[in-house]
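Here are some short notes to read alongside the model.

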Amino acid sequence: MKVLLLSTYDLGHQPFALASLAAWLRAEDADVSCCDQAVDMLDESAAKDAGLICIHLAMHTATRLALEILPRLRQLNPAAHICFFGLYAAANEAALAGFAPASAIAGEFEAEITKLYQRLAGGDQSAEQDYSAIISKDKFKFRQPDRSGLPPLDGYAHLKIGDEKRIAGYTEASRGCKHLCSHCPVVPVYGGWFRPIPLEVVMGDIGTQVGNGAQHITFGDPDFFNGPAHAERVVMALKDTYPDISYDVTIKVEHLLKQKRRLKLLKDTGCLFVTTAVEAADDRILDILAKGHTRADFIEASVLAGEIGLTLSPTFVAFTPWTTLEIYFDLLRLIAELGLVEQVAPVQLAIRLLVPDGSLLKRHPEMLPYLGAFSPERLSYQWQNPDNQVEKLQMRVQALAELGEDQNKSRSEIFSDIWQAAADALGIASLPPALTLPQSPVPCMSEPWYCCAEPTEAQRARL
Ligand code: SF4
């Protein structure tokens with residue numbers, strides 16, 4: 001049976017989930033083709049011929065984009081079973097059920113989709129039921145991802161260090177997360193469950209991508225230090241096997257402090273930067289989001305990383321129902337004081353809290369006064385900041401960040417524009433601070449990390 005694996009957007013990476021699923025289905029002799037609409041047009045003949053179409057919904061943006069192409073897919077192939085998989089598959093059951101016959105599998109998808117394929121290929125009529133959704137945490141034996149048939153790595157986001165560009169690959173060394181942050185889409189699916197991926201599978205996938213030209217690897221684990229000893233083995237093996245390959249990881253503030261003795265190892269094994277989800281610098285907001293760190297912890301982690309020479313790349317949920325103009329301006333001031341301006345992607349200063357269905361926040365007593373109706377079009381609950389000036393500032397910051405990127409302004413220049421907008425909103429005369437620029441260019445990806453944004457016009461146009 002022919003199977004089409006489809007990704008709409010995976011944060012600028014060659015889609016790991018498609019490669020992993022392809023390995024499982026090809027082991028069953030399935031005739032698998034992969035289409036990544038982030039870089040390619042829809043393969044219409046593959047869509048027409050497929051008996052099973054699997055669509056990866058890794059995040060909000062990917063899900064919104066998938067909803068835009070689904071009517072066309074159904075037009076091309078009314079009979080194919082569509083399987084939605086990934087973090088956002090089960091949470092968006094209501095929006096996806098209209099595309100039956102379909103199923104949604106969140107969490108550990110490979111073994112479940114393989115079973116579905118076997119049933120469909122074997123003519124099991126019950127597999128073609130209208131719609132079903134499950135969350136799986138089955139502990140299957142991992143297979144090395146099969147990246148054949150995916151677009152080449154140089155078509156994806158690359159690592160930038162000043163004018164230097166490095167082709168980037170992407171892999172994962174673990175699944176799930178041990179933590180329960182209230183706003184995080186990982187939590188409704190994994191609920192504190194975490195599992196390392198065996199070293200040989202991780203290294204095999206890295207080896208394939210190095211063979212395909214990768215000079216840098218992004219580890220996309222929700223948190224690289226959920227299993228610190230495993231993480232240590234992975235980076236030491238990476239350094240031993242591919243001493244010239246650099247990498248980046250995502251680690252929460254709490255783990256940066258608890259595992260401070262391991263940070264030097266990251267630096268010594270080629271880690272160029274650590275993405276860390278700071279989200280806010282206000283302790284009440286951090287408490288509502290159950291982040292497990294405080295403002296003081298963020299400051300300590302930033303100083304610690306600076307001492308070691310490890311670049312931190314903080315991400316934020318800058319606008320929440322609890323954000324005031326003063327809280328926002330204080331966040332900007334802290335970023336400037338810590339010397340992090342060049343390390344923060346400007347879009348991070350505009351991110352608005354997303355509350356998808358399944359989010360723990362939808363029942364949080366601090367959220368309830370602000371929570372509006374669920375929007376089926378936006379796939380999230382609407383909310384309004386009680387101060388309309390904050391809403392206006394969010395839109396202004398978003399526009400400044402987008403305009404600045406279009407005009408190739410530096411992060412410092414965009415930060416100054418945003419600072420001015422925030423000072424104007426507060427009605428204070430405060431010139432942007434004189435910023436100390438880092439002595440060497442800050443490494444970053446050519447596509448900034450954010451998973452909760454609405455699709456851009458450019459992304460829609462590609463579809
Ligand atoms: S925000 Fe990060 S640390 Fe918190 S639950 Fe999500 S993945 Fe885990």
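1. The model is predicted. In it, seven strands form an open sheet with mixed pairing, and their order across the sheet is S14-S13-S12-S11-S8-S7-S17.

2. At the S17 end, the partner is strand S7, which covers residues 158-161. S7 and S17 run antiparallel and are joined over two bridges. Within this pairing, Leu159 is placed opposite Met445 of S17.

3. A helix also packs on the sheet: H7, residues 199-211, touches strand S8 (164-171) and strand S11 (216-219). The direction of H7 makes an angle of about 145° with that of S8.

4. As for the overall division, domain 1 spans residues 2-136 and domain 2 spans residues 153-447. Their C-alpha centres are 28 Å apart.

5. How many residues does each domain bring to the contact between them? Domain 1 brings 20 and domain 2 brings 23. On the domain 1 side, the elements that supply two or more residues are helix H3 (60-76), helix H4 (93-96) and strand S5 (102-107). H3 gives the most, with three residues.

6. The side of domain 1 that touches domain 2 can also be sorted by residue class: eleven residues are nonpolar, seven are polar and two are charged.

Key. Residues are numbered from 1 along each chain as its sequence is written. This is a predicted model: local features need pLDDT of at least 70, side-chain atom pairs count only at pLDDT 80 or more; totals for chains, interfaces and linings use all residues. Domain bounds come from an automatic or database domain assignment. Two residues are in contact if their C-beta atoms, placed from the backbone, lie within 7 Å. Helices (H or I, at least four residues) and strands (E, at least two) are DSSP runs, numbered from the N terminus. Ala, Val, Leu, Ile, Met, Phe, Trp, Tyr, Cys and Pro count as nonpolar, Asp, Glu, Lys and Arg as charged, and the others, Gly among them, as polar. Two strands pair if DSSP finds at least two bridges between them. Axes are lines fitted to C-alpha atoms, for helices over the stretch in contact, and angles run from 0 to 180 degrees between N-to-C directions.
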